[in-house]
Amino acid sequence: MLVVSPGPSYRRQLLVVVTWLLLCVPRWAFLAYDAPEDLDWSWGELVDSGNYAVNARNKVLTGRWTLDEWNLMYLNPVPHLFTYLSYRLLGVGYWQTQVVPAFFSSLTLGVVFAVLYRTFGFLWAYLGMVLLGIHYLHWTYARIGNRTSELLFFLALAVYLWLRGVERPRSWLGAGLATALAYMTKSLTHPFTLALLLASLDVAVEREGRSLRQAWNRYRWLLWGLGLGFLAWGLFLFWPHRDVFRMFFGWDWDLRRPRSWLDVLRHLWTEPGAAYMLRYMPVLTLVGALQVLMIPIRRLGGGPTVPLERLAWLWFVTEFGAYSLLYYRYLRFWLPAFLAMFFLALTGLYRIAAGSFGFAGSWRWAPWYFLWWCEVIKTILNSGVFYILRDWWPSLLNYDTRPFPQNYYGAYQTLALLAALATVGTLLGVSLRRRWKGRRTRSPGPSNPAMASMVALARVGPETGRPRPWVIAGVSVLIGAEVLAQAAWAVHWWRYGPSTRLRDFSRFLAEYLPPESVLTGNFSPTLALETPFRAHPIYEPRKLNWEAGVLDRLGITHFVLVDFPDDRDQLLGNLAYLSSRPDESERVRFLLFFPLRNRRVELWSRFPPPIPGLWVRRTETHPDGTVSVVIENTDPLWSHEGRLPRGSKYRFEPGQVETVRLRPDEAPGPPGRPLPSVDTVIEFERCPREGGLPVWDPQASQAVAVRSWSRVGQALCVWTMDLPAGRWHLRLRVRNETAGTLDLPGWVLDRIGRLRVRKTFRVEPSGHYEVYDWTEINPEAGPYTFLWINPGPGLRLDAWQVWPEGP
């Protein structure tokens with residue numbers, strides 16, 4: 001039975017609006033920031049935003065929605081239209097992509113307030129909005145454009161309309177339509193749809209007594225809403241574009257479904273949902289877990305329940321069961337279950353405060369207790385607690401249960417251990433509850449379900465009596481502990497997480513690559529968001545754009561690849577099939593990379609320019625036997641020095657072309673070949689950054705003579721090369737994007753780590769790269785280590801070069 005409270009007063013309305021605006025700040029303040037790298041083990045949170053926005057980006061940049069087979073707009077058309085509007089109004093880029101999830105995440109807070117206000121009144125609605133607003137996952141996913149925040153909004157809207165329909169059945173039409181919109185946002189709504197149908201049937205039968213006709217008159221509104229919504233989806237989206245759905249969902253189903261009974265056991269054993277919830281929502285998860293145990297016992301035992309509890313319980317159980325049975329292990333797939341658990345936890349806290357939480361001590365509930373304990377113990381055995389238990393009891397727990405056994409014998413051994421521990425928990429739980437129940441007096445509950453609902457109304461509503469002080473204190477401690485947990489995650493993110501690496505690399509590509517470039521790679525749409533270039537993902541498992549000659553048909557010029565087997569290795573290993581050029585694999589060339597998370601994002605070129613350096617362009621033999629050689633330095637940025645077999649040296653500035661007359665024995669070979677160069681251009685992107693190199697600073701006092709360079713600052717580059725004695729030159733190309741001057745320290749260390757040279761480059765602010773030159777005299781030959789130290793953000797380094805003059 002719902003409690004429809006009168007509207008809040010003006011002051012309360014103002015409080016809600018101000019609080020809502022404050023809660024929106026973390027959702028809107030960091031739109032250009034990357035997702036935290038430790039958010040989940042999947043890369044989807046980092047790089048999926050651009051993949052979901054491909055068609056909207058195509059429309060804005062080229063005037064066409066579809067350019068290839070990657071057309072996710074048919075799978076999630078609702079948020080795609082909002083992304084298109086964002087691009088049209090604000091431009092194409094990273095933060096413009098994240099505007100849409102931030103917008104829907106902000107609206108979700110208001111809808112959740114309305115859901116809880118309709119059920120429990122102002123205080124608990126306000127508290128629920130605040131707890132969800134500060135939830136680390138909720139405001140983090142508000143800046144990730146993988147359609148999860150949009151999905152949660154439509155699910156919360158469906159819950160609100162469904163609660164309105166408990167009193168006004170026609171609102172169930174809107175609940176059905178909102179559910180269909182949720183499916184057209186992200187197709188993860190099957191468990192929620194099933195829960196909505198079952199909860200509506202339960203409420204309809206309860207409200208209308210034994211009159212099936214009246215129950216049907218109420219229930220049909222939900223069916224009409226679902227039917228109209230999914231009929232429109234089928235006619236206008238699924239049937240005309242069924243090949244797109246087959247490409248995406250066919251491969252997904254083959255990957256996720258269990259293929260044997262052992263697969264079923266393995267999927268159930270390794271589900272990460274409980275671990276995710278305990279990690280990101282610890283206190284509310286514990287309270288909600290008790291609700292998962294008690295709601296069916298209260299409902300079937302004639303105790304008080306409210307419609308929100310029943311829907312949230314069915315929603316959570318169906319979500320948890322479906323994604324435990326199927327192999328869905330990504331955090332983003334479990335967020336709808338997080339929202340269901342959130343509603344369960346809020347209702348649980350309310351019941352604790354109202355004194356109506358209740359436990360059942362009857363042995364008839366033992367099977368349900370057993371299943372609940374199985375999940376609890378399985379979660380413990382899959383966590384680090386297991387290893388502590390194994391140290392205490394090594395004779396029994398003498399094998400690792402975290403990776404599920406790969407054979408039936410090991411599986412049954414693990415399940416037998418789980419069943420034994422769950423049985424002990426059941427016996428203890430029911431026995432203790434029966435003993436506790438015997439000490440309390442309790443009036444018999446009504447046998448009529450309708451009367452039970454009236455009792456529920458009296459015990460769950462704004463008019464409930466004032467709870468005891470120790471109960472208020474206990475609930476306050478639980479809420480405070482959850483707030484501290486969310487604050488700890490926020491501090492963790494601020495300390496380790498904020499970065500704009502994806503945006504910065506995308507802007508670098510816009511400057512580095514020539515106009516009209518066309519990119520490919522699984523994550524190329526995201527990495528191209530800040531560029532004007534077209535991006536075409538090519539993915540073999542889904543057979544998306546995977547056909548002979550597709551590189552030439554799409555006009556691909558560059559590959560942006562992550563060193564995953566199903567990205568870089570798969571594409572580069574099939575170039576002969578994907579290209580019409582027989583020598584494709586020999587012609588592509590690696591250009592540069594940048595580190596992201598624990599991987600490398602690599603840039604490859606299909607049509608690379610000549611390798612920068614000295615090239616022999618033409619040779620001419622004279623009657624006296626000498627040879628005139630035309631040599632060109634194809635490097636537009638760096639000078640190079642050629643050294644011939646007999647020791648002659650020729651230095652060429654960037655782009656310089658010279659004719660050199662050589663003796664016959666010095667001829668470098670036929671034209672079209674590179675001339676060996678004695679110098680090297682070191683790009684900062686390929687510099688190793690190993691730490692721990694001991695440094696002896698001759699200018700320091702003896703007390704601090706030995707120290708580590710890593711304590712001075714973060715290394716940008718550590719490079720060792722052999723240099724002869726004498727004079728050598730260094731050239732640096734760098735750009736300062738800040739408003740003030742930056743000092744870039746450069747150290748040169750000898751073979752034993754002594755600091756031989758210390759040089760600081762004062763880099764002035766500039767809109768383009770500047771070249772700095774430096775000359776030094778080297779007293780002795782040997783290996784020298786060049787160490788560059790990061791002066792802070794805003795400095796973009798391209799490369800550096802060293803060349804000796806000789807003795």
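This is a predicted model: local features need pLDDT of at least 70, side-chain atom pairs count only at pLDDT 80 or more; totals for chains, interfaces and linings use all residues.
Residues are numbered from 1 along each chain as its sequence is written, and side-chain values use heavy atoms, with hydrogens and water left out.

**Figure 1. The chain in outline.** The secondary structure comes to 28 helices and 21 strands. Helices (H or I, at least four residues) and strands (E, at least two) are DSSP runs, numbered from the N terminus. Of the 807 residues in the chain, 53% are buried. Buried means under 20% relative accessible area, exposed means over 50%, and partly exposed lies in between (1.4 Å probe, protein chains only). Among contacts with a separation of 6 or more, 74% join residues 24 or more positions apart. Contact means heavy atoms within 4.5 Å.

**Figure 2. Helix α14 against helix α17.** Helix α14 covers residues 273-280 and helix α17 residues 335-354. They pack at an angle of about 60°, with axes 11 Å apart. That makes α14 oblique to α17. Angles under 35 degrees count as roughly parallel, over 145 as roughly antiparallel, 65 to 115 as roughly perpendicular and the rest as oblique. Axes are lines fitted to C-alpha atoms, for helices over the stretch in contact, and angles run from 0 to 180 degrees between N-to-C directions. Y276, M277 and Y280 of α14 meet A337, F338 and M341 of α17. By class, this contact has six nonpolar, no polar and no charged residues. Ala, Val, Leu, Ile, Met, Phe, Trp, Tyr, Cys and Pro count as nonpolar, Asp, Glu, Lys and Arg as charged, and the others, Gly among them, as polar.

**Figure 3. Helix α15 against helix α17.** The axes of α15 (residues 282-300) and α17 come within 8 Å and cross at roughly 80°. The two helices are therefore roughly perpendicular to each other. On α15, the contact residues include L284, V287, A289, V292 and I295. On α17, they include M341, F342, L344, A345 and L349. By class, the contact of α15 with α17 has ten nonpolar, five polar and two charged residues.

**Figure 4. Helix α4 and its surroundings.** Helix α4 (residues 77-90) has 14 residues. From first C-alpha to last, α4 reaches 20 Å, close to the 20 Å expected at 1.5 Å a residue. The expected span is 1.5 Å times one less than the number of residues. Buried residues of α4 include P77, H80, Y84 and Y87. The buried residues of α4 pack against α2, α3, α5, α8, α9 and α11. Just after α4, G91 takes a positive phi of about 100°.

**Figure 5. Two non-glycine residues with positive phi.** Most residues other than glycine have a negative phi. E516 has a positive phi of about 65°. It sits in the loop between α23 (501-512) and β1 (518-520). E516 is exposed, with a relative accessible area of 71%. N545 has a positive phi of about 60°. N545 lies in the loop between β2 (534-536) and α25 (550-553). At 0% relative accessibility, N545 is buried.
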